[in-house]
Amino acid sequence: MKFKAFIIIASIFLFSCKANKEIKVTSVEGFYMNKLSLENIDADIKLKIDNPNTMGFSIYPSEFEVIFSGIRLGKAKLNKRVHLNAKSEKVYTFKINSKLSELNPMDALRLLNLENLGKIEVNGDLKVGKFYFKKKIPVSYTDKVKIFN
């Protein structure tokens, strides 16, 4: 029991001494419309996430609000935990499932015009952590992106 307490105290001490840099979303690598029907939207958004730290982290299931050209598409979700290596920048795929009943009919028609280059906004919290230490990192990213089929 004393050994476990020592390990926990030593871990807290080691993690508290090291100043961690902010993990951030650096770009939207792609926005793919998988399915657009009368009932729902099924899409993928690929986000590039940068970890400038010397220690790897886990990205826990997270949600982001996605807005494309002023149209709220719904929540993008990462459903499983993935590992982010130290000093790396990697692309992760988030799924978007939204009901069209929540959209204005004119907005749904604008989505059918897939040739447009639109502004995409991603807002939410990225949940990262190591062992029992977890932190929510606020993400607010805006970029111009083209819809791919």
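This is a predicted model: local features need pLDDT of at least 70, side-chain atom pairs count only at pLDDT 80 or more; totals for chains, interfaces and linings use all residues.

Reader: How many salt bridges does the structure hold?

Author: Side chains of opposite charge can pair when their charged atoms come close. A salt bridge is a side-chain nitrogen of Lys or Arg within 4 Å of a carboxyl oxygen of Asp or Glu. The structure holds two of them. In one, Glu29 pairs with Lys48, with 3.8 Å between the closest N and O atoms. This pair links distant parts of the chain, Glu29 in strand β1 (residues 24-36) and Lys48 in strand β2, 19 residues apart. Strands are DSSP runs (E, at least two residues), numbered from the N terminus. Asp44 and Lys95 also meet in a salt bridge, at 3.1 Å from N to O. That pair again links distant parts of the chain: Asp44 lies in β2, Lys95 in strand β7 (residues 88-99), and they are 51 residues apart.

Reader: Is Asp44 buried or exposed?

Author: Buried means under 20% relative accessible area, exposed over 50%, and partly exposed in between (1.4 Å probe, protein chains only). Asp44 is buried because its relative accessible area is 12%. Lys95, at 37%, is partly exposed. The side chain of Asp44 also makes a polar contact of 3.2 Å with that of Asn34; such a contact is a pair of N or O atoms within 3.5 Å, where within protein one must be able to donate a hydrogen and the other to accept it, and residues adjacent in sequence count only if both atoms are side-chain atoms.

Reader: Which residues have the most contacts inside the largest nonpolar core?

Author: A nonpolar core is a set of buried Ala, Val, Leu, Ile, Met, Phe, Trp, Tyr and Cys residues joined through side-chain atoms within 4.5 Å. The largest has 33 residues, and those with the most contacts inside it are Phe31, Ile45, Ile49, Ile59, Phe94 and Leu126. Its largest share, five residues, comes from β2.

Reader: What do β4 and β5 form?

Author: Two strands pair if DSSP finds at least two bridges between them. Strands β4 and β5 (residues 71-78) pair in the antiparallel sense over seven bridges. They form a hairpin with two residues between them, and Ser69 in the turn has a positive phi of about 50 degrees. Five of the seven residues of β4 (residues 62-68) are buried, so this strand is largely enclosed by the rest of the structure.

Key: Residues are numbered from 1 along each chain as its sequence is written. Side-chain values use heavy atoms; hydrogens and water are left out. Helices (H or I, at least four residues) and strands (E, at least two) are DSSP runs, numbered from the N terminus.
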